[in-house]
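Subject: Structure handover

Hi,

Here is the structure for you to look over. My notes on it come below.

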Amino acid sequence: MQKCHILRTAICTLGSTGLVAVGFNLNIELLGEQYKTIIGQLMMLGFTFGQVVIGLVAMYVQNYKTFQVVLSVPCFILLASYFVIPESPRWLIAKKKFVEANAVIEEAARFNNVRITVGIC
């Protein structure tokens, strides 16, 4: 039973570590200059909100194993974002997937109301 808990803890830790870094990097790559600062700040509000949620959950969930599972559910829900958020253009270019990178860049330009004249492929 203890080994299962240690494995769950390791998986949750590894999964949650990358959530902020990946989201922040995609924010910087895909958003226009006018949105980067405000969206970056709004992303950091999640930490404050998370601390409040931890306190509220701790008041009602006394078992530490259940507490950890309850707090891990939102991380697993975020796995669904894999199908919604586009791949990083820098990563696509590094992997020589120029057509896909061009499509992501064009979509970002359309979202930001920016006209681009030359594609990457």
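Predicted model: local features only at pLDDT ≥ 70, side-chain atom pairs only at ≥ 80, totals over all residues.

Residues are numbered from 1 along each chain as its sequence is written, and side-chain values use heavy atoms, with hydrogens and water left out.

Tyr-35 and Phe-111 form a tilted pair, because their ring planes sit at 50° with the centres 6.2 Å apart. Tyr-35 belongs to helix H2 (residues 33-60) and Phe-111 to helix H5 (residues 98-111), so the pair ties together parts 76 residues apart in sequence. Helices here are DSSP runs of H or I, at least four residues, numbered from the N terminus. Tyr-35 is partly exposed at 33% relative accessible area, whereas Phe-111 is exposed at 53%. The classes are buried under 20%, exposed over 50% and partly exposed in between, with a 1.4 Å probe and protein chains only.

Charges. The count is 1 salt bridge (a side-chain nitrogen of Lys or Arg within 4 Å of a carboxyl oxygen of Asp or Glu). Glu-107 and Arg-110 make it, at 2.8 Å from N to O. Both lie in helix H5, 3 residues apart, about one turn of the helix. Glu-107 is partly exposed at 44%. Arg-110 is exposed at 55%.

Surface. Val-20, Phe-24, Ile-28, Met-44 and Phe-47 make a nonpolar patch of about 380 Å². Such a patch joins Val, Leu, Ile, Met, Phe, Trp or Tyr side chains within 5 Å, from residues with over 30% relative accessible area and no salt bridge. The areas are Shrake-Rupley values with a 1.4 Å probe, and for residues only the protein chains shown count as cover. Helix H1 (2-30) and H2 each supply at least two residues of the patch. H1 gives the largest share, 3 residues. Phe-47 lies in helix H2 and is partly exposed at 46%.

Best wishes

Definitions and conventions:
Phe/Tyr/Trp six-rings, centres within 6.5 Å; stacked < 30°, edge-to-face > 60°. Patch = residues over 30% accessible without salt bridge, like charges linked within 9 Å, V, L, I, M, F, W, Y side chains within 5 Å.
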